[in-house]
Amino acid sequence: MEGHSTYQPKNKVAQWFESRLPIVGLVHSSAIAYPVPKNLNYFWTFGAILSFMLVVQIVSGIVLAMHYVAYAPVAFARVEHIMRDVSFGWLLRYIHANGASMFFIAVYIHIFRGLYYGSYKAPREVLWILGVIIYLLMMATAFMGYVLPWGQMSYWGATVITNLFSAIPVVGEVIVQWLWGGYSVGDPTLNRFFALHYLLPFMIAGVVGLHIWALHHVGQNNPDGIDVKSVSKDTVPFTPYATLKDVFAIAVFMIFFSWFIFYTPNYLGHSDNYIPANPMSTPAHIVPEWYFLPFYAILRSIPDKLGGVLAMFAAIAVLAFLPWLDTSKVRSARYRPLFRIFFWIFVVVAVGLGYLGSQPSEGWYVIVSRIFTVYYFVHFLIILPLLGFIEKPKPLPASIADAVLAKHAAGGATVMAGASAPETK
Amino acid sequence: MTIRSILFGAAAAALLFVAPATASEGGGHDGRPPRLSWSFAGPFGTYDTAQLQRGFKVFKEVCSSCHSANFLYFRNLGQPGGPSFSEAQVKQIASGYQITDGPNDSGDMFERPGRPSDHWPAPFPNEQAARASNGGALPPDMSVLAKARSYHVGFPGFITDAFIQYQEHGVDYIHAVLTGYGEAPEDVHVQSGLHYNKYFPGNQIAMPNPLSDGLVEYTDGSPQTVDQYASDVAAFLMWVAEPHLDARKRIGFQVVIFLIVLSGLLYFTKKKVWKNVAH
């Protein structure tokens with residue numbers, strides 16, 4: 001997809017500069033001339049939305065860090081100082097706290113879009129694995145960020161999660177004490193989490209750079225899941241076409257974001273986190289942030305501690321092997337009638353695990369959690385490998401241009417090959 | 001495609017209108033606090049200054065004899081979007097308290113009248129003193145209490161709450177606890193030193209019933225009842241916990257209107273640019 005830049009500076013100074021550092025040409029080839037498949041739907045705008053959210057989080061986070069103090073006896077009070085006395089501090093903090101949730105909402109849509117349209121398949125395996133790494137870094141960053149206000153959920157969430165490492169045989173205890181910097185979660189833990197919470201977003205930005213590089217090298221997947229045959233017929237230049245569509249999507253996403261910042265800023269948080277951390281008093285239910293709930297449900301569904309920890313990490317690690325677990329040559333679920341059904345079952349199971357993770361671990365919740373956990377792995381390890389052999393895919397269009405033409409020829413709403421695809425154009 | 005978008009939009013719109021109707025039925029029974037109608041609820045909500053001033057009086061005369069509010073400063077009482085006392089009133093309220101300051105040049109701590117820049121003086125010097133005076137129980141700090149308390153909503157209320165912007169779990173809970181005292185049912189054994197309360201988790205609370213009709217004198221003609229006191233002080237505590245709520249909702253409306261117009265303009269620009277491209 002990528003070639004030498006067609007950028008030819010006319011100005012003498014620009015020519016001089018370009019022959020020494022072709023950075024303007026790089027920007028031109030990747031953000032202006034870069035060919036984008038014509039048939040992308042709005043699910044393809046979430047990459048831009050995520051880049052935007054990363055910038056929002058870094059900028060708001062840096063300003064918050066100017067007012068915050070990572071010292072256990074005052075951390076809670078400093079956050080309240082930001083909320084009360086810093087000019088627009090309440091706005092900064094609500095942007096940052098809800099921004100984390102928005103980031104995860106966007107990333108989950110982005111991931112499920114990749115799952116639905118088979119964006120992980122050759123030649124995009126490395127692109128996909130880089131995405132899994134970003135997701136892991138995001139989870140680490142969000143977890144450590146939630147510890148910083150030093151409320152009850154911060155403290156006890158940190159205690160529960162760091163204690164997971166004690167399940168490792170022999171060296172577990174030593175690792176946990178090393179993580180804590182002591183014999184329990186305390187001031188040293190808060191301090192190092194703050195340092196890492198400041199570092200990791202820049203690592204995310206670095207991996208995002210690689211992610212975009214890999215994307216621009218192999219080109220974007222598209223709703224029909226077929227390769228670009230002719231750049232002139234199948235694609236449009238990134239600017240103005242994709243740029244405008246992305247900016248529009250970001251503006252709409254900001255309306256959604258604003259709803260939470262201004263009207264329900266504490267909806268996604270937990271009220272216990274407005275109680276200062278108290279090592280002597282354990283909350284009735286320790287619940288992680290909503291975006292961790294499916295994995296929390298998997299952790300709790302295994303009766304053995306080490307088994308639970310392994311299952312939880314395996315649930316994320318299995319995503320990295322997805323390009324080889326899915327044996328079908330066809331990418332898009334539009335042309336995979338059976339896969340489409342299993343995709344939606346998987347969505348229900350994943351959301352269901354999220355709900356179960358928020359409920360107390362008792363009664364029928366435990367039984368359903370176990371069934372769903374088993375199904376989660378069955379989906380990746382058994383269903384996806386087998387489907388490639390069992391399923392008879394629908395015929396693929398010859399090219400993206402043909403797919404677009406066929407859609408317009410049939411007209412109206414009945415055309416969609418993937419009738420259940422969640423698309424809005 | 002278009003039809004599907006319209007259907008989706010219609011479903012979303014229907015949800016917006018149906019959700020409040022179903023959600024407002026919840027509460028009031030099975031130990032869940034009833035949902036009151038607060039002046040600061042909803043997208044255009046603002047604090048009721050008179051209510052905050054009454055609530056402040058209840059807080060000052062009743063609550064603050066046991067509860068601290070360390071993040072509340074006297075100066076906050078004069079800020080816009082709060083009880084909005086005048087500068088002179090704030091100074092007068094502050095000077096009614098003796099604050100320990102120092103050390104002075106000879107190294108001694110000394111007492112002086114409070115100033116607007118002082119925070120609300122705590123009733124006890126430390127946690128141990130507070131516990132010793134309250135039968136072993138610690139009266140929680142009230143600075144963010146209205147955001148630190150909640151109650152279980154369950155499915156599907158917890159989803160519809162996001163649509164109807166219900167954020168008043170804490171205030172409803174505080175009002176409910178203050179009005180939830182009464183005789184324990186016969187099958188409940190209340191431990192000595194504890195008091196039966198319908199809405200407190202576990203139903204046994206260390207705090208004795210703090211309010212009674214006529215306890216605090218109101219000068220604006222509002223009813224001097226426990227229910228009125230409870231509402232007023234709960235509203236006041238909401239303000240203490242979230243002093244910038246008025247500004248937040250006002251700015252929020254401006255931001256959302258701006259974004260809707262911006263999105264509209266971007267949508268039509270995008271449409272025009274894509275006009276000649278089949279996609």
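Helices (H or I, at least four residues) and strands (E, at least two) are DSSP runs, numbered from the N terminus. The model is predicted: local features need pLDDT of at least 70, side-chain atom pairs count only at pLDDT 80 or more, and totals for chains, interfaces and linings use all residues. Residues are numbered from 1 along each chain as its sequence is written, while chains are lettered from A and ligands numbered from 1 in the order in which they are written.

**Exercise 1.** State how many helices and strands chain B has, and give their order.

*Solution.* Step 1: chain B holds nine helices and four strands. Step 2: read from the N terminus, its elements follow the order α-α-α-β-β-α-α-α-α-β-β-α-α.

**Exercise 2.** Classify the angle between α2(B) and α8(B).

*Solution.* Step 1: helix α2 of chain B covers residues 49-61 and helix α8 of chain B covers residues 226-241. Step 2: they pack at an angle of about 100°, with their axes 7 Å apart. Axes are lines fitted to C-alpha atoms, for helices over the stretch in contact, and angles run from 0 to 180 degrees between N-to-C directions. Step 3: angles under 35 degrees count as roughly parallel, over 145 as roughly antiparallel, 65 to 115 as roughly perpendicular and the rest as oblique. α2(B) and α8(B) are therefore roughly perpendicular to each other.

Step 1: contact requires C-beta atoms, placed from the backbone, within 7 Å. Among the residues that make this contact are B:Phe56 and B:Phe59 of α2(B), and B:Phe236 and B:Trp239 of α8(B). Step 5: the contact residues comprise nine nonpolar, two polar and two charged. Here Ala, Val, Leu, Ile, Met, Phe, Trp, Tyr, Cys and Pro count as nonpolar, Asp, Glu, Lys and Arg as charged, and the others, Gly among them, as polar.

**Exercise 3.** Describe the side of chain B that touches chain A.

*Solution.* Step 1: chain B gives 41 residues to the contact and chain A gives 32 residues. Step 2: on the chain B side, α9(B) gives the most, with 16 residues. Step 3: that side divides into 21 nonpolar, 13 polar and seven charged residues.

How values were computed:
Contact = placed C-beta atoms within 7 Å.
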